[in-house]
Every structure is written in C-alpha cells, then in structure tokens.
Amino acid sequence: MQVNLENFKEIRTPIYVLEESRLRQNLSLIKSVADRADMEIILAFKAYALWKTFPIFREYISSTTASSLSEAKLAFEKFGSPAHTFSPAYTDDEIDEIARCSSHLTFNSLSQYERFHERVATVNPSIKLGLRVNPEYSEVETLLYNPCAPGSRFGVTADKLPEILPSDIEGFHCHCHCESGADVFERTLVYIEEKFGKWFSQLKWINFGGGHLMTRKDYDVLHLINIIKEFHLRYPHLHVIMEPGSAFGWQTGPLVSQVVDVVEDHGYKTAILDVSFTCHMPDCLEMPYHPAVRNAETIEMEDMMEKPEGDHVYRLGGNSCLSGDFMGYWKFDHELEVGEKVIFEDMLHYTTVKTNTFNGITHPSIGIVHLDGNLEILREYGYEDYLNRMD
Ligand SMILES: Cc1ncc(COP(=O)(O)O)c(C=O)c1O
C-alpha cells in the first residue's frame, strides 16, 4: 500500500510508522562520523530494537550494545554480531549466556568484577572486559537521566580505583550524556581525562556511552569529529567507541493516531485518542516532554490547570483508565472531529522498546514505509499478545 507521508490518510491507526529514507539518512551520517573520526559507533538497543530492520542497519554499522540477557541474545541472534554489554548488575543465572553472546562485557562495580570475571573468561575466552567509571560530572539536568548525580549507582569513581588495574580489564565505559551536543561532550571529556587519564595507558579501548545526539539538525558534527581526532593524538593506542541510541531513531517517523471522542469538563476540552501516553509514549510523562503534533501549535503551560487562551485548544487524552494519561496543550486550526488523524512526531525511539499493555489496550501496529513509498506492516498486536505476557 502506498502511503501519503503528509497526512497518512488511508492508514489504519494506531500505528508507529518508520520511514526508511529518514532512517538511512541517520545511518549514513552516523557512519560518516565514525569513519571520519576513526571510531566505532554502535546501536544502543535500549532506544531502538526493531529487529526486522536490522538488515538496513548492517549496511552501515557492525555492532550493538546490550544491557540485559535478552538484548545480548538479540544482538547475537538477530543482529548477527556479539554485543558490547553493560548491565548494572549481572546475576548467576544469566552471566554465562550473556558472556556467550558478548564481545565486550563491562562491569558496573569492582565487586561485580571480582564475582564474575573468571567465569566470564572461562565461558568466552576472547571476551574483552571493561569497567564502567563515573567522572562525577554530567550536564544532564533531569535527575531521571543523570547517571553522575551524587548517590549514582553507576560506575566506579576515581578514588575507588586501584593504581594498577586488574590485568584483564582492558576498557573503560563512561556514559554521562542525554540528547547532548558536541560542546557538552567536550566539557565532559575534560573531567573524564582529569579523573581517569592516568589509567589510560593500561587500557585498549574507551566507550563514551550514549546520549550523543549527532543526527539532530543543530548538532555540530565537525566539532565532535575534531574532539575525537584530538583525543586520538593524545592517546593513539585507544580504540574509541560510542553507543548512542536516540541518534539512530531520531526523527525517523511518527505515531499516527485518531480522535475517538471529544469531551469537555469545566471548559477543558480533551480529544481522546486511540493511543495512550502512559502505554505508547511513556517518556512524555516520565521525562516529561511535550511531543510535537503535526499541524498543531504546542502550548507550554507551567500549570496544567491554567487554560490557554484561544479557539481550538485541546488536551490530548489517552485511552487508558489512568487519570493522568493526558497532556496539554495543543492549538489546532479547526475543531477536532471524531475519526481525524492526530500525528505525534518523532515517536520511533524509546517507544516500541518501552510500551506496555496496561489495561489491555491495543498496542499500535508497527510499520515501515520503504523507499518506494510502500508500507510494510512489521507487526500487529491483539488479544494474544496481552494474554501471552501473563501466560
Ligand atoms: C549505558 C548507556 N549507553 C547508551 C545509552 C543510549 O543513550 P541515548 O539513547 O540517549 O543515545 C544509554 C541510555 O540511557 C545508556 O544508559
């Protein structure tokens, strides 16, 4: 079926629509950064794991990063290469299989290292071991996404590292960013080098984590490339890795929904949709952030109980029973009617990996619009999916 990407007129909702052309644009930019900066950029599954699209990814990148047994298996079985794995806490039950599916395995603490390093090497003698370090500096302001805030459970701080690292530790892993620019990375790198530079001569690789949003329009790609080139000059022996997630799925397609009802209470007008914020766009409530809706103006209000002025201003409401499953406000240029499409922009990262079937409400289908304009449905959901989760 041919799809009109402007209005998705004929499409059956609800559906996440991945646009292959936009995905390829991101992938080729990421590949060119990796080539020009002489580093490895790998996909973080936590942001995006639509495995039926992995053959497209394989044309541009060769590895992925996992943070659980299931993600490591997905890397091994579906992406076709072992994962760079980091988990805050490996367990006896899962560590062997994780080791089998991983090329790199990073420990979050020295105690996890002590407990598992020999076992991991026995299972997979070629595995490369690393340690997550915490530079105690991050410019991420939202506490929910700041891995370096005081009390963080992530990584070893410099004061706790021995002068001589265990001989089988060959890499450091450091994740401090979230949708950040190259300037933030530059400032953070100063702290990383100040705190951990003295151990670099004992290492073979360094992974600068995710949160590098290099596919955002205003991201200074050249600056990032120069930062890494200069880093190579200072530490020519270190292989550099980055593992963004959002950057791959950034602006690659919308979640298309439709208006099911319009209700009004005390002058607050809400268009109820066939999608849910809490089930299908959870970061909107968690982060929180106000998603863009096509052909509507986003109106930010400090206080949600304050009503914005003007006509055609709506809250958009989810179809779950959670009272807070709504967001506001958006201004449209007409009265919303039952059956019309409401298109949430940029809904391909941190959605399909996080959705749930709370209330048993129907999960949106997942589709991809190929380069020839044809829509392929990758997955539809029904009662069986709800049932089987609790089987
Ligand atoms: C360890 C680690 N690596 C990579 C990522 C991916 O980050 P992003 O999707 O913001 O690029 C995250 C995100 O939380 C992370 O915790």
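**View 1. The contact between domain 1 and domain 2.** 16 residues of domain 1 are in contact with 16 residues of domain 2, where contact means that the C-beta atoms of two residues, placed from the backbone, lie within 7 Å. On the domain 1 side, the largest share, 5 residues, comes from helix H1 (residues 20–37). Helices (H or I, at least four residues) and strands (E, at least two) are DSSP runs, numbered from the N terminus. By class, this side of domain 1 has 6 nonpolar, 6 polar and 4 charged residues. Here Ala, Val, Leu, Ile, Met, Phe, Trp, Tyr, Cys and Pro count as nonpolar, Asp, Glu, Lys and Arg as charged, and the others, Gly among them, as polar. Domain 1 covers 20–248 and domain 2 covers 251–388, with bounds from an automatic or database domain assignment. The C-alpha centres of the two domains lie 32 Å apart.

The structure is a predicted model, in which local features need pLDDT of at least 70, side-chain atom pairs count only at pLDDT 80 or more, and totals for chains, interfaces and linings use all residues. Residues are numbered from 1 along each chain as its sequence is written.

**View 2. The whole protein, for orientation.** The protein has 11 helices and 18 strands. Its C-alpha trace spans about 65 × 40 × 40 Å along the principal axes. Among contacts between residues at least 6 apart in sequence, 70% join residues at least 24 apart. Of the 391 residues, 40% count as buried. A residue is buried if 20 or more other C-beta atoms lie within 10 Å of its own, exposed if 12 or fewer, and partly exposed in between.

**View 3. The surroundings of Thr 215.** Thr 215 lies in the loop between strand E9 (205–207) and helix H7 (221–234). Thr 215 counts as buried because it has 22 C-beta neighbours inside 10 Å. Not counting residues up to four places away in sequence, Thr 215 touches Asn 26, Leu 29, Ile 30, Ala 247 and Trp 250. Ser 201 is 14 residues from Thr 215 in sequence, and their C-alpha atoms are 32 Å apart in space.

**View 4. Phe 79 in helix H3.** Phe 79 belongs to helix H3 (residues 69–79). With 24 other C-beta atoms within 10 Å, Phe 79 is buried. Leaving aside neighbours within four places in sequence, its contacts are Phe 54, Thr 64 and Leu 74. Pro 55 is 24 residues from Phe 79 along the chain, and the two C-alpha atoms are separated by 7.7 Å.

**View 5. Asp 283, an annotated position.** An unreviewed UniProt entry gives the annotation "binding site" for Asp 283; such annotations may be inferred rather than shown by experiment. Asp 283 is found in helix H10 (residues 282–286). It is partly exposed, with 17 other C-beta atoms within 10 Å. Beyond its neighbours within four places in sequence, Asp 283 is in contact with Tyr 289 and Tyr 350.
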